[in-house]
Amino acid sequence: MSKKETPELNASSLADIAFLLLIFFLVATTMSTDTGLARMLPPIVPNNQDDAPPIKERNVFTVLLNFRNQLLVEGEWVDVSELKEKAKEFIANPADKDNLPEKQETDVPLIGTYPVSKGVISLQNDRGSQYQAYLQVQNELQAAYNELRDELAKIKFHKSYADCSDAEQDAIKKVYPQRISEAEPKNYKK
Amino acid sequence: MAKFKKGKKNAQQKLNTSSLPDIVFMLLFFFMVATSMKEVTMMVKIKSPEATEVTKLEQKSLVSYIYVGKPLNSRKFGSEPRIQLNDSYATVDDIESYILQERENMKESDRPKMTVSIKADYDVQMGTITDIKQALRKAQALKISYSARKAVK
């Protein structure tokens, strides 16, 4: 009596059901989490309002991208790989040069008074530029900001920017605000 | 020797598959957790551009997508880059109403956080993208994200 084996439940169809569900999820879902470069577009300006207040020449870092995907940075032909260093030098202006942006002493929470640069990066592209080239430029500019922020975080808070708390990140963002301005599209006649 | 003979008689023994459902369920749960539902069927070919400084898009429910690329069915639709909104081809003029509609579908409190992700093929000309950006500005959808893959160094 007691030696009788316990009857096994027939679970063979359970596998079928599970496979069915599995295949459904394999087909109906996607794996990829979306990643990208986040940007804010400027709000549209009414037509009657004229251009923005003039900015001093030394405070503007012009980046032009033509239809052959070539870069003109501050009047010089530059390769994309050099753009980051140029942008970093422009934003930080470590040697306080005359031709690089002015700085303004600003009170920043957690950091104290810090000379914040007034520099603006102006990016203009041709309608014929390749999207990849454009994104590369955006990426390098972003990289310049990220590296500067990271360096500052290491000096002030002794940790990388990504490890800083929200308040600390906000403070660093105040020191290095991301100012990438894209020119209004213009129509040039051929 | 006798023992071997005995074994041969039982050759038709059943394979024990009782752990198979467990394994399959494990896989099933993995896919349920790690994936998300497909939003649309792609009608354009997109090979994402690469970038190193990408950030993740946080809340999927706040994101609307605009796809730009060459049509998959190039014999029927040509090889000029097209814009895809939801499940159909569209023009730049449709973007404004699309954004308004997407915004309408969102919760009131989420509307300011709405993000538009531009998923464009790496080879698209910037003219199209500029037009889209102008349309987005008109629609007051200012938070955008240029979709890109994380480049492997």
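Mentor: Strand β8 (residues 120-125) of chain A pairs with β9(A) in the parallel sense, over 3 bridges. Here a strand is a DSSP run of E, at least two residues long, and a helix is a run of H or I of at least four, both numbered from the N terminus; two strands pair if DSSP finds at least two bridges between them. At one of these positions, A:Ser122 has A:Ser181 of β9(A) as bridge partner.

The model is predicted, so local features need pLDDT of at least 70 and side-chain atom pairs count only at pLDDT 80 or more, while totals for chains, interfaces and linings use all residues. Residues are numbered from 1 along each chain as its sequence is written, chains are lettered from A and ligands numbered from 1 in the order written, and side-chain values use heavy atoms, without hydrogens and water.

Strands of a sheet pair through backbone hydrogen bonds, either parallel or antiparallel. In chain A, β8 and β9 belong to an open sheet of 5 strands in the order β5-β4-β3-β8-β9, with mixed pairing. Its edge strands are β5 (76-78) and β9 (180-182), each pairing on one side only. From one strand to the next, the twist averages 30 degrees; axes are lines fitted to C-alpha atoms, for helices over the stretch in contact, and angles run from 0 to 180 degrees between N-to-C directions.

Helix α2 (residues 80-92) of chain A lies across β3 (60-65), β4 (71-73), β5 and β8 of chain A, where contact means heavy atoms within 4.5 Å. The helix α2 of chain A runs at about 165 degrees to β3(A).
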